[in-house]
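Hi everyone, and thanks for making time this morning.

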Amino acid sequence: MGKYFGTDGFRGEANVGLTVEHAYKVGRFLGWYYGKNPKGDRCRIVIGKDTRRSSYMFEYSLVSGLTASGADVFLLHVTTTPSVSHVICTENFDCGIMISASHNPYYDNGIKIMNGSGEKLEESVILEIEKYLDGETEEIPLARREKIGRTQDFAAGRNRYIGYLISIATRSFKGKKVGLDCANGSASSVAKSVFDALGAETHVINNEPDGLNINKNCGSTHIEGLQQYVREHHLDVGFAYDGDADRCLAVDENGNVVDGDLILYICGKYMKEHGSLQNNKIVTTVMSNLGLYKALDREGIGYVKTAVGDKYVYENMAQTGNCLGGEQSGHIIFSKYASTGDGILTSLKVMEVMLEKKQPLSVLASEVTILPQLLKNVRVADKAAALNDEAVKQAQKETEEALGADGRLLLRQSGTEPLIRVMVEAETEEICEKYVDKIIDILVQRGHAVDR
């Protein structure tokens with residue numbers, strides 16, 4: 001991770017950690033960098049955004065920087081992160097930008113950059129951007145006269161993405177009652193259209209964004225509302241997305257949460273049965289539950305563990321040919337169809353398994369026994385200092401020894417926020433609570449924890 005860019009782009013509170021000046025300079029660099037192609041063609045860059053109030057501000061700032069450096073800019077407007085990735089590949093763009101802070105609250109925002117293959121930008125280029133942001137490189141020349149870039153409406157690109165999603169479905173959803181929680185975010189512009197076109201009886205909640213309510217008590221990070229809605233309206237299934245719709249969690253017909261680990265198992269087992277699980281392996285992260293691994297062992301399915309972040313999951317998939325991977329949080333990648341997590345695509349693939357096997361989601365998920373797992377976040381002044389504190393390390397060692405083979409502790413820093421994440425997995429919720437609180441107490445006592 002660099003100074004500004006973490007595992008999922010440049011993220012921070014709007015006009016505090018991430019400013020319009022930052023956005024303008026990022027645009028200036030990208031327009032210049034991708035404009036250096038050997039043919040001398042004007043570079044083409046596509047931009048999407050989520051529903052945060054500040055997304056419009058950052059969009060205009062990025063456009064100013066890009067066009068000032070000679071790039072032509074195409075605006076998808078409010079759309080999902082995976083739609084930007086898809087459009088880059090299918091419409092031959094040099095680069096794509098998504099303005100979003102994903103699951104973060106409305107006052108945060110972020111700049112996610114994708115290369116011409118629709119994948120997260122190479123680390124080497126990110127480092128060059130950071131040098132430019134810090135004034136460590138020569139000033140980039142401004143485009144002049146006919147070389148100044150132009151801006152073009154490209155809402156049609158989002159519509160083509162919707163058509164692409166519809167084409168992936170293998171069966172009609174007619175007769176199925178489906179709930180969608182759009183988190184008052186990007187999914188509001190895409191998800192209902194897809195499910196309606198496939199014939200579902202679509203029930204949508206949290207799809208009235210006002211710029212301030214994205215992720216607010218809704219979506220994949222606050223799934224309680226969808227659980228209640230599914231139960232009250234007797235739906236067959238529900239799907240919850242995050243702010244930019246690259247995550248998906250599901251709710252079965254009884255209102256129980258089906259998280260990313262369970263989705264990986266359900267889809268992975270189905271793909272193995274149909275001979276489409278390349279290398280007979282699923283790519284997971286170190287956050288995945290021990291219960292998932294026990295179930296995969298039982299089914300004879302292999303697995304790989306990466307660092308937390310769909311970036312690292314996809315890197316492994318690209319290197320090995322593994323075709324299914326993801327995170328417990330709901331970033332699921334089906335590499336045959338996308339190079340990034342895609343929440344709406346994930347919900348379509350879950351529907352495929354339910355329809356093909358003629359089984360409710362509760363039955364499909366019941367084959368995995370998930371161990372109790374507790375995760376708490378601690379806001380800290382310095383993530384590295386907190387993790388390197390000898391007292392914290394000692395508490396970590398003692399906890400790991402106490403848990404033994406029947407559980408585990410994961411202590412790590414967030415790649416996008418000033419947080420230390422403390423996760424314990426054990427046989428009971430009481431044990432989880434005991435050891436998570438033990439680590440947090442040490443962080444507080446040592447002066448690392450801070451209030452917002």
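**Helices, cores and a few loops**

Let's begin with a pair of helices, H1 and H4, which are oblique to each other, because an angle between 115 and 145 degrees falls in that class. Their axes cross at roughly 125° and come within 10 Å. To find them on your screen, look for residues 20-34 for H1 and residues 123-133 for H4. And before I go further, please keep in mind that this is a predicted model.

The crossing of H1 and H4 is right-handed. On the H1 side, the contact is made by His 22, Lys 25, Val 26, Arg 28, Phe 29, Leu 30 and Tyr 33. From H4 come Val 125, Glu 128, Ile 129, Tyr 132 and Leu 133. Sorted by class, the contact of H1 with H4 has eight nonpolar residues, three charged ones and one polar one.

What is the angle at which H1 and H2 pack? It is about 35°, with the two axes 7 Å apart. H2 covers residues 53-68, and H1 passes H2 in a right-handed crossing. H1 brings Val 20, Ala 23, Tyr 24, Val 26, Gly 27, Arg 28, Leu 30 and Gly 31 to this contact. H2 answers with Met 57, Phe 58, Ser 61, Leu 62, Ser 64, Gly 65, Leu 66 and Ala 68. Here the residues divide into ten nonpolar, five polar and one charged. If you compare the lists, you'll spot Val 26, Arg 28 and Leu 30 of H1 in the contact with H4 and again in the contact with H2.

Is the crossing left-handed or right-handed? H8 passes H11 in a left-handed crossing. The H8 residues in the contact are Ile 263, Ile 266, Cys 267, Lys 269, Tyr 270 and Glu 273. Those from H11 are Thr 346, Lys 349, Val 350, Glu 352, Val 353, Glu 356 and Lys 357. By class, the contact of H8 with H11 has six nonpolar, six charged and one polar residue.

Leu 361 is in contact with Ile 266 and Val 350, and its other contacts, leaving aside neighbours within four places in sequence, are Val 237, Ala 250, Val 251, Asp 252, Glu 253, Val 258 and Met 354. Leu 361 is also among the residues with the most contacts inside the largest nonpolar core, together with Leu 165, Phe 195, Phe 239, Tyr 241 and Leu 324. That core has 54 residues. Apart from it lies another core, of 32 residues, including Tyr 4, Phe 10, Tyr 34 and Ile 126.

Next, the loops. Asn 280 lies between H8 and strand S13 (281-285). Its phi is positive, about 55°, although it is not a glycine. With a relative accessible area of 27%, Asn 280 is partly exposed. Asn 280 is also touched by Gly 302, which touches Lys 281 and Ile 282 too, not counting residues up to four places away in sequence. Gly 302 itself lies in strand S14, residues 302-306.

Asn 184 also has a positive phi, of about 50°, without being a glycine. You'll find it in the loop between strand S8 (177-181) and helix H6 (191-197). Is Asn 184 buried or exposed? At 6% relative accessibility, Asn 184 counts as buried.

Gly 211 sits in the loop between strand S9 (201-205) and helix H7 (224-232), and at 7% relative accessibility it counts as buried. Beyond its sequence neighbours within four places, Gly 211 is in contact with Thr 51, Arg 52, Arg 53 and Tyr 106.

Last stop: His 448, in the segment after helix H15 (429-445). His 448 counts as buried, at 12% relative accessibility. Which residues is it in contact with, leaving aside neighbours within four places in sequence? They are Arg 379, Val 380, Ala 381, Ala 385, Ala 386, Asp 389 and Leu 443.

How values were computed
Residues numbered from 1 in each chain as written. Predicted model: local features only at pLDDT ≥ 70, side-chain atom pairs only at ≥ 80, totals over all residues. Heavy atoms only, no water. Core = buried A, V, L, I, M, F, W, Y, C linked by side-chain atoms within 4.5 Å. Buried < 20%, exposed > 50% of the residue type's maximum accessible area, 1.4 Å probe, protein only. Contact = heavy atoms within 4.5 Å. Helix = DSSP H or I, 4+ residues; strand = E, 2+ residues; numbered from the N terminus. Axes fitted to C-alpha atoms, helices over the stretch in contact; angles between N-to-C directions. Parallel < 35°, antiparallel > 145°, perpendicular 65-115°, else oblique. Left-handed = near helix turned anticlockwise from the far one by under 90°. Nonpolar A, V, L, I, M, F, W, Y, C, P; charged D, E, K, R; others polar.
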